[in-house]
Amino acid sequence: QVQLVESGGGVVQPGGSLTLSCAASGFTLDYSAIGWFRQAPGKEREGLLCMYSNGGKAYYAGSVKGRFTISRDNAKNTVYLQMNSLKPEDTAVYYCAVRFAYCSGVAAQYLYWGQGTQATVSS
């Protein structure tokens with residue numbers, strides 16, 4: 001059974017950092033693409049970054065390039081989203097998702113999703 005569980009969200013001041021985790025079970029990261037998305041109130045779900053099975057990375061949101069990075073720990077079957085220099089407009093529910101194909105920034109192309117974790121950037 002494929003399962004994704006996000007954690008690490010919280011409240012942080014502008015300029016601060018958060019590290020989100022996406023723990024995967026029921027499949028191996030070696031044969032999958034993991035994407036990070038976010039959804040702010042009243043907005044569509046936005047693709048941010050994706051990691052290919054070979055460790056390659058793809059960025060889909062220019063607003064986070066240079067501030068957000070994606071990484072993984074195969075031993076823990078976990079993918080991370082490191083978010084630095086956070087801004088109030090980064091406030092959203094953050095989701096990880098998996099597809100057993102190449103990376104995509106389109107939410108509808110992902111089959112399995114985590115429950116999401118809230119990140120709030122506020123002074």
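Q: In this predicted model, which ring does the charged end of Arg45 sit over?
A: A charge counts as sitting over a ring when CZ of Arg lies within 6 Å of the ring centre and within 35 degrees of the ring normal. Here, the charged end of Arg45 is placed over the ring of Tyr95, 3.8 Å from its centre. Arg99 likewise lies over the face of Tyr110, at 5.8 Å from the ring centre.

Q: Which residues do ring pairs link into a cluster?
A: The cluster consists of Phe37, Tyr95, Tyr110 and Trp113. In the whole structure, six aromatic pairs are found. One of them joins Phe37 and Tyr110 edge-to-face, with 5.1 Å centre to centre and 80 degrees between the planes. This pair connects distant parts of the chain, 73 residues apart: Phe37 belongs to strand S4 (residues 33-39), and Tyr110 to the loop between strands S9 and S10.

Q: Are Phe37 and Tyr110 buried or exposed?
A: Both Phe37 and Tyr110 are buried. Another edge-to-face pair is formed by Phe100 and Tyr112, at 6.3 Å centre to centre and 65 degrees between the planes. Phe100 is partly exposed, at 45% relative accessibility, and Tyr112 is also partly exposed, at 31%.

Q: In what order do the four strands of the open sheet stand?
A: Strands of a sheet pair through backbone hydrogen bonds, either parallel or antiparallel. In this structure the order is S1-S3-S8-S7, with antiparallel pairing. Strands S1 (3-7) and S7 (68-73) each have a single partner strand, so one side of each lacks a neighbour in the sheet. The twist averages 20 degrees from one strand to the next.

Q: How many bridges join S1 to S3?
A: Five bridges join these antiparallel strands; Glu6 has Cys22 in S3 as its bridge partner.

Definitions and conventions: Residues are numbered from 1 along each chain as its sequence is written. This is a predicted model: local features need pLDDT of at least 70, side-chain atom pairs count only at pLDDT 80 or more; totals for chains, interfaces and linings use all residues. Side-chain values use heavy atoms; hydrogens and water are left out. Two strands pair if DSSP finds at least two bridges between them. Helices (H or I, at least four residues) and strands (E, at least two) are DSSP runs, numbered from the N terminus. Axes are lines fitted to C-alpha atoms, for helices over the stretch in contact, and angles run from 0 to 180 degrees between N-to-C directions. Rings of Phe, Tyr and Trp (its six-membered ring) pair if their centres lie within 6.5 Å; planes under 30 degrees apart count as stacked, over 60 as edge-to-face and the rest as tilted. Buried means under 20% relative accessible area, exposed over 50%, partly exposed in between (1.4 Å probe, protein chains only).
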